[in-house]
Amino acid sequence: MKFTIGETRWHGCRYQSVQPNTVYSLPNWQGWMAWCVESFGPAGDVWGANSHRWYVNNGKFFFRRGADLTAFLLRWQ
């Protein structure tokens, strides 16, 4: 599987993003989400006022820690 890696700022913090380059597949998304929750805890509220460890929004995963992005890529590539 291929992914597009990016970077953004959210709530004043730098986040690295990863976007799967695949046709939307509910089983894939369910697997990615379940693994992230198990590995990093619940996803942050993208519209809340606080910065969190990770988010998912607009077809992308956003990670505050570079090690979390690396773990995601190692697990799913």
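Ile5 stands opposite Val18, a residue of β2. The strand β2 covers residues 13-20 and runs antiparallel to β1, to which eight bridges join it. Helices (H or I, at least four residues) and strands (E, at least two) are DSSP runs, numbered from the N terminus, and two strands pair if DSSP finds at least two bridges between them.

This is a predicted model, in which local features need pLDDT of at least 70 and side-chain atom pairs count only at pLDDT 80 or more, while totals for chains, interfaces and linings use all residues. Residues are numbered from 1 along each chain as its sequence is written, and side-chain values use heavy atoms, with hydrogens and water left out.

The open sheet consists of four strands in the order β1-β2-β4-β3, with antiparallel pairing. Because β1 (3-10) and β3 (54-57) stand at the edges with a single partner strand each, one side of each has no neighbour in the sheet. On average, neighbouring strands of this sheet are turned by 25 degrees against each other, direction ignored. Axes are lines fitted to C-alpha atoms, for helices over the stretch in contact, and angles run from 0 to 180 degrees between N-to-C directions.

Helix α1 (residues 26-40) packs on the sheet and touches β2, β3 and β4 (60-63), contact meaning heavy atoms within 4.5 Å. The direction of α1 makes about 15 degrees with that of β4.

Two loops remain to be considered. His11 lies between β1 and β2 and, although not a glycine, has a positive phi of about 55 degrees. Asn58, in the loop between β3 and β4, is likewise a residue other than glycine with a positive phi, near 55 degrees. His11 counts as partly exposed because its relative accessibility is 35%, whereas Asn58 is exposed, with a relative accessible area of 66%. Buried means under 20% relative accessible area, exposed over 50%, and partly exposed in between (1.4 Å probe, protein chains only).
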